[in-house]
Amino acid sequence: MQAGAAEATPGRATRSRSLRAQRETLFYVLISPWIIGFLAFVFGPMMYSGYLSLTKWNLLAPPQFIGMGNYQQLLHDPLFWQSLKVTTIYAVVSVPLGLAFALFLAVLLNQRVRGLSVFRTILYLPSVVSGVAVSVVFMWVFNPSFGIVNSILGYFGIKGPGWIESPTWALPAMILMSLWSVGGAMIIFLAGLQNVPPELHEAAQMDGAGMWRRFFRVTIPLLTPTILFNLILSIINQFQIFTQAYVMTNGGPLNATLFYVFYLWQNAFQYLNMGYAAAMAWILFLIVLVVTVAVFATSRKWVFYQGGE
Amino acid sequence: MQTRADVAMKAVTYVLLIICSAGMLLPLLWMVSSALKPNYEVFQFPPQWIPSPVQWSNFPRALNFVPFLQFFWNTILIAVGSLVGSLISNIMVGYAFARLEARGKNVLFYVMLSTLMLPYAVTMIPQYAIFSQLHWVNTFWPLIVPAYFGNPFFIFLLRQFFLGIPRELEDAAAIDGAGVFTTIWRIILPLSWPAIIVVCIFQIQATWNDLLGPLLYLNKESLFTLQLGLQYFVGQYTGGWNLLMAASTVILIPVLVMFYFGQRLFIKGIIVGGVKG
């Protein structure tokens with residue numbers, strides 16, 4: 001197909017132009033699956049959901065246009081605000097806590113001690129599993145009377161709380177649980193740490209900088225691009241928390257774990273308020289967009305690129 | 001020579017590593033321990049770590065309570081179906097982004113990367129609407145077909161890997177008159193198996209752990225995946241935790257085994273996907 005077209009055109013200039021055109025065609029042929037997928041599963045649905053968010057639709061009858069009605073209703077929906085609040089608290093606490101923990105583990109794994117690969121495997125292990133089974137296991141781990149967390153607290157004479165059965169402690173339980181799967185961020189931090197040139201540490205040490213000073217003045221600045229990457233990834237991830245609410249608490253007790261995506265799903269597939277849920281989806285999109293852009297915008301101030309790469 | 005401070009640092013590092021590893025393993029050990037206990041022992045306080053007697057029969061009992069074999073088979077079908085699509089599409093697109101030049105390539109590349117940040121919940125409702133118009137609800141298609149249209153994370157990962165392969169090999173093949181698909185098949189693929197295995201592992205893992213997709217599209221018990229099946233089991237079963245833990249153990253084991261054998265590649269994949277951007 002390509003060869004025939006090239007041979008048919010005489011003259012060097014036209015020939016090279018058509019060769020280039022051919023290569024361009026080939027590029028677009030090869031990426032066509034992604035382009036079709038982008039239009040059919042991302043861009044198209046986004047536009048469609050923008051329209052749906054302006055309608056009342058229960059899947060059975062055709063959508064009925066109601067203008068900004070859904071958005072107005074959202075403003076007066078206490079559960080919407082509750083879901084936004086719960087998810088924001090969850091993200092604001094679990095993201096920095098998770099990143100700090102991941103960095104701490106990465107620093108430990110970056111020391112020269114024996115058996116590192118075994119520790120690395122164990123620390124990363126929890127991150128490969130997720131889904132219903134993990135939530136079921138954590139329901140049992142957090143069981144107020146017979147769970148392992150309260151048993152261990154019991155050894156120290158502390159009477160553990162009701163965890164996922166208590167409106168006060170359900171959200172902290174979810175945050176604790178999120179610390180279990182920081183392995184991905186940990187590995188990325190570890191790779192970042194291994195890229196820190198040892199000469200810089202040696203130079204700082206000669207200047208009399210202690211361990212902490214070197215960590216905060218040498219390691220952390222060089223690690224800022226990695227921190228930025230992990231920060232964005234984990235914000236987006238934490239905003240999407242769903243399975244835990246669905247399996248462990250059903251959004252309760254007293255809506256204490258009514259996470260945003262869970263409430264969105266409830267509206268769409270339990271109450272069949274598709275238009276209303278589409279409006280929530282658009283708001284989620286705007287939130288993620290604004291947060292990401294804001295993080296990138298401030299990153300100019302705090303991210304340091306080695307060698308200006 | 002080691003100073004006393006160095007030795008102390010090492011000791012502290014060990015202690016911290018051991019405490020953290022123990023904490024990470026705790027839920028999994030607790031799961032296995034509970035899965036092997038007789039029911040009366042599950043509700044014992046303080047809890048026993050080593051079950052006595054060890055009750056292996058929990059496993060067959062849990063697996064027979066709901067048709068887990070059927071759920072397992074369904075999950076395998078979806079995993080294999082989407083894996084094939086994922087490999088074909090992501091290798092093609094990744095190769096194009098790595099090697100071919102065209103106007104608009106950079107813009108498209110950034111558009112593709114930005115879709116990495118799009119939560120599934122945002123496109124979930126219109127996608128459902130589209131698939132239900134196609135009468136694909138209660139079939140595996142909505143869970144398989146999207147994999148044939150590329151995944152930005154995998155495309156990026158493969159592109160990064162392809163960029164590291166020396167171009168001369170492909171040039172030689174081109175002189176011999178090889179087309180692009182022949183080049184990919186004969187030259188690129190044999191050199192990129194580590195990256196391809198990484199994509200396989202991540203793709204299978206994603207299918208295995210997915211709850212939201214199957215929850216939307218599969219409402220018949222005979223079509224359930226393992227994740228839905230376990231949730232269904234939780235809803236149906238009102239007995240002790242030992243059988244629930246047995247079922248959870250069985251569902252987690254394949255992924256853990258896959259991780260154990262592929263861990264180097266697994267970790268490499270995260271680093272390539274994460275840092276070299």
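Buried area is the accessible area, found with a 1.4 Å probe, that two parts lose on being put together, summed over both. The model here is a predicted one, with pLDDT of at least 70 needed for local features and 80 or more for side-chain atom pairs, while totals for chains, interfaces and linings use all residues. Residues are numbered from 1 along each chain as its sequence is written, chains are lettered from A in the order in which they are written, and side-chain values use heavy atoms, leaving out hydrogens and water.

Chain A comes first. Its assignment (bounds from an automatic or database source) gives domain 1 (2-52) and domain 2 (71-308). Taken over C-alpha atoms, the centres of these two domains sit 40 Å apart. About 400 Å² is buried between them, 70% of it on carbon and sulfur atoms. On the domain 1 side, A:Met46, A:Ser49 and A:Leu52 lose the most area to domain 2, together making up 82% of what that side buries. As for contacts (heavy atoms within 4.5 Å), 4 residues of domain 1 meet 4 residues of domain 2.

Now for chain B. It has 14 helices and 0 strands, counted as DSSP runs (H or I, at least four residues, for helices; E, at least two, for strands). With a radius of gyration of 24 Å, well over the 19 Å that the globule rule gives for 277 residues, chain B is more spread out than a compact globule. That radius is taken over C-alpha atoms, and the rule is 2.2 Å times the number of residues to the power 0.38. Along its principal axes, the C-alpha trace of chain B spans about 75 × 70 × 35 Å.
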